[in-house]
Amino acid sequence: MKKVSSIIAACTLMIGASCCISTAATAAKAKKAAMKEWTFAVFLNADNNLDEFGVEDQEEMARVGSNENINVVTLIDRERGPAQINYIEKGKIKKVKDMGELDMGDYKELVKFCKFVKENYPAKHYMIGIWNHGSGWKAKTDKNVVRGVSYDDSSNNHITTNELTTATKLCAEALGQKIDIINMDCCLMGMVEVAYAIKDNCKYFVGSEEVEAGKGTPYDDVLKGWKPGMDAKDLANHWVNAYAKSYQGGSQGRDDSTQSAIDLSKIDNLMTSLDGFSKAVMSGKYADKVQSAVAKTVKFEYPENIDLLHFMKNFKPLCSGDSSVITAIEKVETAANAAIINSKTTARSSSNQRYKNAEGIAIYLPQRLSLESKYSELGFSKASMWDDMIITLKSQRDVKEAVDGACKGDFKGMKSAISEAKKNPRSQFARSLVRELNYVAYTEKKIPAKNQEEFDKLFKSLKSAMQAR
């Protein structure tokens, strides 16, 4: 009986202990997963030459840290070391989980991070930061250009602009809601093309049109300025103000910078206005005027990245006689201004006017109108007529140069068109050139008499090439 009693007593103690452990574990988990107002989660890819700045930025976060309203958490992968997830407290960077070596250029790692954040640091609102090099949609050293973000030097991989669409979609699904703010603490990401890629999965985008200084976002200033009850629009607006102030002799010193906040719900309207503009421009002969306007427009590290609104301002006076183009320009200006909720620039020197005309969002428009092949693979290009407009304008420019040359006895443009037509009988350049040459040669008779025979032979060859099947 004593033995049985002992067993029963022992079992009772074990059950009691088990219950205590279970209760403690449940309580710990509940505490860990307590809902807060905001979670700031930064995908901090420092596996490159930005390593020291990644460490510095975590230290900035720790000057404010998490509190009863905000979680601050990072996934950091350093240049010479494994990745880890950190929970940032005031004055303390607390390692939560070792992650081993990660490929931070793989968008799936960003998705996994968002899932971890949702499970462990749930909130009503989420700010997801992508911290690294950025290039809009173009890699710095790749001749077959593919722009993107989050370049990992260990894997030589990066997240492409098209992959951002997939990544943000899966992140939003993991969080159970749209990402309230996506911040790209990277260079050159403040483009229409990038905004389009993430518009359906995020509410607001904060980023830079131009190259960022190494110090990047002043995380302490951003976190200090957060106030309870601040919604995504308020925070995005504050973010831009804090960023600019920090580079106007504030916490980051004095340096050149651009920063803007974009309301992504307005991007569809901007797309519609850009299509209207593209159609209006393609209906006339505007290649020279577009090139002239681009020449005067503020350009960024990649000169084919130009400020959209500044371009429209420069192009508008050149089209004063075409009401349809003027209307199209004004619609783009209205849509872009509605999408840009805040935009600020700073300059290292008061005499530096380069950034003065950066108004918040860039777009790809090379001055020579030579479209990079990879550009047409972007989701933006497939959904819009912008790349079609660039192709049409280049054709118009090439036709004009070929006609002007022919009128001076220079037939290089005609020979180029023949070569193109042999490869593609439906070539837009060749067809347009035939129409223009037919008029200037046989109606206006502008071909020099001494070159007429050679012209006739080439013109015949061009028409023949276009009839080939």
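## Packing of H15 against H16

In this predicted model, helices H15 and H16 run roughly antiparallel to each other, because the angle between them is about 150 degrees and angles over 145 degrees are counted as roughly antiparallel. H15 spans residues 428-442 and H16 spans residues 452-467, and their axes lie 11 Å apart, in a crossing that is left-handed.

On the H15 side, the residues that meet H16 are Ala430, Arg431, Leu433, Val434, Leu437, Asn438, Ala441 and Tyr442, while H16 contributes Gln452, Phe455, Asp456, Phe459, Leu462, Lys463 and Met466. Sorted by class, this contact has 10 nonpolar residues, together with two polar and three charged ones.

Helix H10, which covers residues 308-315, is largely enclosed by the rest of the structure, because seven of its eight residues are buried. The buried residues in H10 are Leu308, Leu309, His310, Phe311, Met312, Asn314 and Phe315.

The N-terminal end of H10 is capped by Asp307, a side-chain oxygen of which lies 3.3 Å from the backbone nitrogen of Leu309; Leu309 is itself among the buried residues of the helix.

## Ser260 in strand S12

Ser260 belongs to strand S12, formed by residues 257-263, and because its relative accessible area is 2%, under the 20% cut-off, Ser260 counts as buried. Its side chain reaches the backbone oxygen of Gly360 at a distance of 2.7 Å.

## Arg397 in helix H13

Arg397 is located in helix H13, which comprises residues 386-406, and, with a relative accessibility of 6%, Arg397 also counts as buried. Apart from neighbours within four places in sequence, Arg397 is in contact with Ala287, Gln291, Arg368 and Leu369.

## The chain as a whole

The protein chain contains 16 helices and 15 strands, and buried residues make up 54% of its 469 residues. Among the contacts in the chain with a separation of 6 or more, 71% are accounted for by residues 24 or more positions apart.

Terms used. Residues are numbered from 1 along each chain as its sequence is written. This is a predicted model: local features need pLDDT of at least 70, side-chain atom pairs count only at pLDDT 80 or more; totals for chains, interfaces and linings use all residues. Side-chain values use heavy atoms; hydrogens and water are left out. Axes are lines fitted to C-alpha atoms, for helices over the stretch in contact, and angles run from 0 to 180 degrees between N-to-C directions. Helices (H or I, at least four residues) and strands (E, at least two) are DSSP runs, numbered from the N terminus. Angles under 35 degrees count as roughly parallel, over 145 as roughly antiparallel, 65 to 115 as roughly perpendicular and the rest as oblique. A crossing is left-handed if the near helix is turned anticlockwise from the far one by less than a right angle, and right-handed if clockwise. Contact means heavy atoms within 4.5 Å. Ala, Val, Leu, Ile, Met, Phe, Trp, Tyr, Cys and Pro count as nonpolar, Asp, Glu, Lys and Arg as charged, and the others, Gly among them, as polar. Buried means under 20% relative accessible area, exposed over 50%, partly exposed in between (1.4 Å probe, protein chains only). A polar contact is a pair of N or O atoms within 3.5 Å; within protein, one must be able to donate a hydrogen and the other to accept it, and residues adjacent in sequence count only if both atoms are side-chain atoms.
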